[in-house]
Amino acid sequence: MYICVCNAISERQVQDAIAQGAADLGDLQAHLGVATCCGCCAETATEYLPGGRYAAEVGAAAGGLTGEVEVTVLSRTAVRRVA
């Protein structure tokens, strides 16, 4: 499912960004570009952050990840260790 239609950002991308440490809407905007065009997706995106309605889904999506994970964000590639 798309969270941000303007920038074609999926639910999975938002979940992955949060699992990698995005803690607020500003982090999601910086990492993914979510809510940087029309802003209609801002409320939905924040529901995936800790304390939000869909926060449990983020934890489930990240469950079982260990080792190195390669994440491509706004044309940048970063390799981060996931504990």
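Two salt bridges are present in the structure, which is a predicted model. Side chains of opposite charge can pair when their charged atoms come close. One of the pairs joins R12 to D16, with 3.3 Å between the closest N and O atoms. Both partners belong to helix α1, which spans residues 11–19. Within this helix R12 and D16 are four residues apart, or about one turn. The accessibility of the two side-chain partners was examined as well. R12 has a relative accessibility of 44% and is therefore classed as partly exposed, the limits of that class being 20% and 50%. D16 is likewise assigned to the partly exposed class, because its relative accessible area is 28%.

The other pair consists of E47 and R53, whose side chains form a salt bridge with an N to O distance of 3.9 Å. This value falls within the 4 Å cut-off, so the pair is counted. R53 has a relative accessible area of 58%. Because exposed residues are those over 50%, R53 is placed in the exposed class.

The protein chain has 83 residues, and 35% of them are classed as buried. Its accessible surface amounts to about 4900 Å². Carbon and sulfur atoms contribute 51% of that surface. Among the contacts in the chain with a sequence separation of 6 or more, 44% are between residues 24 or more positions apart.

A42 is classed as buried because its relative accessibility of 18% is under the 20% limit. When neighbours within four places in sequence are left aside, the contacts of A42 are with L25 and A35.

Terms used
Residues numbered from 1 in each chain as written. Predicted model: local features only at pLDDT ≥ 70, side-chain atom pairs only at ≥ 80, totals over all residues. Heavy atoms only, no water. Helix = DSSP H or I, 4+ residues; strand = E, 2+ residues; numbered from the N terminus. Buried < 20%, exposed > 50% of the residue type's maximum accessible area, 1.4 Å probe, protein only. Contact = heavy atoms within 4.5 Å. Areas by Shrake-Rupley, 256 points an atom, 1.4 Å probe, with all protein chains shown as cover.
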